[in-house]
Amino acid sequence: MKKNKSTIRETSYVTIRTKPLTHGRQSLYLDIYHNGRRTYEFLRLYLVADTGPEAQQQNKSTLAAATAIRNQRNLDIVQARGGIRTDTSSRMTLVEWLKTYRQLKAQNGQSMERATSVGNAIHHVIAYRGDKVRLCDIDEEYCTGFINYLAHAPSQQHLLTPRRIAITSANQYFAIFTSALNEAVRKKLIPVNPVNSLSREDRKPIRAPKPNRPYLTIDEVKTLVTTPCSHPQVKCAFLFSCFTGLRISDIRNLKWSNIQQRDGSRFLSITIQKTREPLTIKLNRQALRWMPKPEADDSHVFHLPPFNHNVCNQLRQWIAQTNIQKNICFHCARHTFATMELTLGADLYVVSKLLGHTSVSTTQIYADIVNKRREEAIELIDTAF
């Protein structure tokens with residue numbers, strides 16, 4: 001083994017090891033030695049440079065997630081050598097995996113609000129059938145039962161006056177449940193995700209209404225450009241997102257080292273927090289206009305309030321100074337970017353790539369919005385006569 005790969009903890013068959021990366025980061029992987037054969041499994045988990053208590057806590061959570069996976073791999077080998085047959089490779093409980101999943105997402109930069117939502121989903125999983133159900137025992141019957149439970153589940157926020165959770169919340173918790181099972185498949189803890197076998201009818205009890213995607217028109221963006229904001233960084237970040245399509249999670253993690261100069265132009269190169277996919281886009285003049293003065297490479301470009309709801313409160317106060325009558329959150333900047341690009345004639349496939357969508361069908365939603373506006377524009381002639 002090379003000297004630059006250090007051992008964190010040894011087990012009988014599986015060892016967690018680290019591989020040094022740039023900027024003090026380390027990639028975690030499993031060194032598996034069994035039946036005289038050595039294999040490696042990279043976990044896509046990373047330790048960050050020790051810059052203080054926050055980084056130490058993040059690394060602690062990351063190691064806990066890696067240890068849970070390591071223990072599972074070791075248990076699989078021990079059971080196989082002992083002649084114990086299992087239907088699937090996973091023996092941990094669903095609740096244990098959901099907590100590990102929350103740690104995995106936290107170390108990948110997921111917001112505090114999202115972590116709270118995962119915690120709420122765990123609460124409802126326990127309320128549904130307790131915390132002893134094994135991950136390997138989750139089947140279609142469990143999933144449909146969980147859907148029906150969520151359709152009538154009581155809200156934790158209204159204990160004195162019992163009230164059901166909103167249909168959008170039920171849909172969100174089931175989406176988290178589905179995403180966690182998909183991650184378990186990727187980690188080879190279960191062979192398939194049983195949710196994928198459910199029909200549209202099975203999901204009907206918690207089917208959320210068609211999402212409303214509020215966005216700003218070009219004239220409304222121009223209005224905000226000339227309207228002062230009590231928190232200048234919020235204004236700059238929001239308008240920067242309007243001209244790049246970046247999510248707030250990527251805005252928060254954007255550093256000056258992600259901004260590169262090439263052929264007389266400036267490019268933004270990041271790994272998208274949500275999908276972990278690389279994204280490189282050229283920064284137009286409008287985006288550059290709202291970037292602060294450059295700082296050190298390891299400094300963040302924008303310095304926003306710590307929680308997303310604080311950012312949204314600043315946005316609402318800013319927009320309240322205008323005649324814009326829309327319920328705008330930070331994510332609306334992304335919708336605004338997509339609709340502006342399509343309205344100005346950009347190709348649907350190109351816009352899909354700029355947004356970092358894995359499927360053009362996701363971007364098609366914005367195309368439908370633009371087409372509807374065009375139809376409404378044509379009908380204006382009828383109203384005039």
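This briefing describes nonpolar cores and helix packing in one protein structure. The structure is a predicted model. Its largest nonpolar core holds 49 residues, and another core, of 41 residues, lies apart from it.

**The largest nonpolar core**
- Leu 94, Trp 97, Leu 135, Leu 150, Phe 174 and Phe 177 touch the most other members of this core.
- Two or more residues each come from strands S2 (14-20), S3 (26-34) and S4 (37-47) and from helices H1 (53-81), H2 (94-107), H3 (112-129), H4 (140-152) and H5 (167-186).
- Helix H5 gives the most to this core, with eight residues.
- Not counting residues up to four places away in sequence, Trp 97 touches Met 92, Leu 104, Leu 135, Ala 180, Leu 181, Glu 183, Ala 184, Lys 187 and Leu 189.

**The other core**
- Among the 41 residues of this separate core are Cys 242, Leu 254, Leu 315 and Trp 318.

**Helices H6 and H7**
- Helix H6 (residues 218-225) packs against helix H7 (residues 232-242) at an angle of about 155 degrees, and their axes are 11 Å apart.
- Angles over 145 degrees count as roughly antiparallel, and H6 and H7 are therefore roughly antiparallel to each other.
- The crossing of H6 past H7 is left-handed.
- Val 221, Leu 224 and Val 225 of H6 make the contact with Lys 235, Phe 238 and Leu 239 of H7.
- This contact comprises five nonpolar residues, one charged residue and no polar residues.

**Helices H7 and H11**
- H7 and helix H11 (residues 332-343) pack at an angle of about 35 degrees, with axes 7 Å apart.
- Phe 238, Ser 241 and Cys 242 of H7 meet Ala 333, Arg 334, Thr 336, Phe 337 and Met 340 of H11.
- Five nonpolar, two polar and one charged residues form this contact.

Definitions and conventions:
Residues are numbered from 1 along each chain as its sequence is written. This is a predicted model: local features need pLDDT of at least 70, side-chain atom pairs count only at pLDDT 80 or more; totals for chains, interfaces and linings use all residues. Side-chain values use heavy atoms; hydrogens and water are left out. Axes are lines fitted to C-alpha atoms, for helices over the stretch in contact, and angles run from 0 to 180 degrees between N-to-C directions. Helices (H or I, at least four residues) and strands (E, at least two) are DSSP runs, numbered from the N terminus. Angles under 35 degrees count as roughly parallel, over 145 as roughly antiparallel, 65 to 115 as roughly perpendicular and the rest as oblique. A crossing is left-handed if the near helix is turned anticlockwise from the far one by less than a right angle, and right-handed if clockwise. Contact means heavy atoms within 4.5 Å. Ala, Val, Leu, Ile, Met, Phe, Trp, Tyr, Cys and Pro count as nonpolar, Asp, Glu, Lys and Arg as charged, and the others, Gly among them, as polar. A nonpolar core is a set of buried Ala, Val, Leu, Ile, Met, Phe, Trp, Tyr and Cys residues joined through side-chain atoms within 4.5 Å. Buried means under 20% relative accessible area, exposed over 50%, partly exposed in between (1.4 Å probe, protein chains only).
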